[in-house]
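Hi everyone, thanks for coming. Have a look at the screen for a moment, and then I'll walk you through a few spots.

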Amino acid sequence: MNNLETDSKFLKKAVIINIVGTVLKVCGPLLTILLARIFGAAEFGMFVSAQTLLLTIARTSTLGLDKGLYWYLPQNRLRDRLPYDGVMESFWVAVMVALLCTAVIFVGSFTPYIADEMPWYGLSLVFYAACYVLSNVSEGNRRPQNAVFINSFFVAVLAPATSIVLHFLDVPHALPLGLLVGQIGGFVLHYVLVRRQFPEMPLLPGKRVSKELLVYSLPLGFDEFVSSFLIRSGLWMVMLFLGPEKAGAYGIMVTISNALQTIRVGFTPILTPVVAGMDKERLKTDLKPVYSYCVFMVTFIQLLIGFFIVLFPGEILSIAGKDFIVQPETLGILLLVHLVAGFGGMTLVVINGIGKSLYTLKMDTFSLGVALVSGYFLVPSMGLVGAALSMLLYNVVAIVWNNVYLLKLGLRVYSSKLVSQVVWILALIAFYILLNMQVLVFTLVEKIVAYVIILAALGVYWKVMKKRMEADKNGVQTNS
């Protein structure tokens, strides 16, 4: 069995897992929307801002070693190292840095610079960082189902559900304590599953992180810090310029639109180990069918979800309450952002997979500058729409830059078969515009019928495209 066929089988299995994960991911956002309704716009806005800050600190605490394991673990097989080399070394570095950050938060809470509520959120920090490392270990070891179940369902449901229960029991600090319970539960499950994969792995490795892993990971660690600010810059600018209530409304729209983003992000641990296992010859022959297949599946799943959100935006936003229905056109722009990123944004995964982690840091740093400058002018003048347009702008800049960089490296990653998906994306955008301009006006029953028809059309399209993509892959295998 050749390498391309092995990779193709893994990708097909991983796609099924990703689809299941997408279904499970619905539960978390629904409960998050319910949190907004229960706790109110202002308190929910503070919660969203604190949580995103916590995620940023936790990601930074890993120093990029968590994402470095995507690349390093496949290299263990190629270089005859122990299969678990780098795992516990990375784990303990992340835990120690997270503990240091937690101590800073607790000490800072006695000053005017850190809110009194932040130490309660800080309790989750160590478990967040540990979960990042252990989750990426499973994904780098081609066990994506572990992270999908725990991160996309178990923790995503347990944390908000716990907060809701604590709220009705009149327990103070219900929101941060819910996060803590969710992360502890996730950490326990991740640790058990990693131990099953590597039963001989010692708890204390007795050595430091290897220089090779560290050199590759540190740029990713700095990039994680930059990209975390990049991703959340819009929300924080809304919080700064427009206040917590608008931040809560924007946070709800981001949560809904992130249903599309999570599809693309879910393919990062799938595609990275595959690309990392390719030598220079395979990059020239096998990368295009592998990458094009991933882009096809990401965009296809995003279209399924995107048409639903476009047809039923009012019904979705009303779950959180009428206070959150603010500039609803913002949601359409956020959907466009993730559709564009789903089609062209995974080039960055390829760049990381071939070992160019320093490039990623440079690119995201530049994108952060674009986001801050554009947000500074757009958010005060255009509100939530301005924040969404700022996100669209820096994503387009990064996608164009990344694709040009791959072309300079002599890598062609897009199949001509993907042109049809561009047509579908444009059709979704046009459909959204027609609905918002009220050129098309549907009753609820008509919306349901329209969505069923769209699903049927996408189903036919998927069958046709699947055969064409398989033909491309078989052609590459024959030529090789």
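This is a predicted model: local features need pLDDT of at least 70, side-chain atom pairs count only at pLDDT 80 or more; totals for chains, interfaces and linings use all residues.

Residues are numbered from 1 along each chain as its sequence is written, and side-chain values use heavy atoms, leaving out hydrogens and water.

In the big picture, the protein has 21 helices and zero strands (DSSP runs numbered from the N terminus, H or I of at least four residues for helices, E of at least two for strands). Of its 480 residues, 55% are buried (under 20% relative accessible area with a 1.4 Å probe, protein chains only; exposed is over 50%, partly exposed in between). Take the contacts between residues at least 6 apart in sequence: 84% of them join residues at least 24 apart (contact means heavy atoms within 4.5 Å).

Back to our pair. Helix α11 covers residues 244–266 and helix α16 covers residues 329–344; their axes come within 9 Å and cross at roughly 20° (axes are lines fitted to C-alpha atoms over the stretch in contact, with angles from 0 to 180 degrees between N-to-C directions). So α11 runs roughly parallel to α16 (under 35 degrees; over 145 is roughly antiparallel, 65 to 115 roughly perpendicular, the rest oblique).

Who meets whom? On the α11 side you'll find Tyr250, Met253, Val254, Ile256, Ser257, Asn258, Leu260, Gln261 and Arg264, and they meet Thr330, Leu331, Leu334, Leu335, His338, Leu339, Ala341 and Gly342 in α16. Sorted by type, the residues of this contact are 10 nonpolar, six polar and one charged (nonpolar: Ala, Val, Leu, Ile, Met, Phe, Trp, Tyr, Cys and Pro; charged: Asp, Glu, Lys and Arg; polar: the others, Gly among them).

Next, salt bridges, meaning a side-chain nitrogen of Lys or Arg within 4 Å of a carboxyl oxygen of Asp or Glu. The count comes to six. In one of them, Arg81 pairs with Glu212, with the closest N and O atoms 3.2 Å apart. Arg81 sits in the loop between α4 (65–78) and α5 (87–108) and Glu212 in helix α10 (residues 211–242), so this pair ties together parts 131 residues apart in sequence. Arg81 is partly exposed at 22%, and Glu212 is partly exposed too, at 26%.

Then there's Lys207 with Asp85, at 2.7 Å between the closest N and O atoms. Lys207 is in the loop between α9 (174–197) and α10, and Asp85 in the loop between α4 and α5, so here the parts tied together are 122 residues apart. Lys207 is partly exposed at 43%, whereas Asp85 counts as buried at 10%. Zoom out a bit, and Arg81, Asp85, Glu89, Lys207 and Glu212 are linked in a salt-bridge network.

Elsewhere, Arg282 and Asp286 meet in a salt bridge, 2.8 Å from N to O. Arg282 is buried at 10%, and Asp286 is buried at 5%.

Leaving aside residues up to four places away in sequence, Thr347 touches Tyr291, Asn402, Asn403, Leu406, Val413 and Tyr414.
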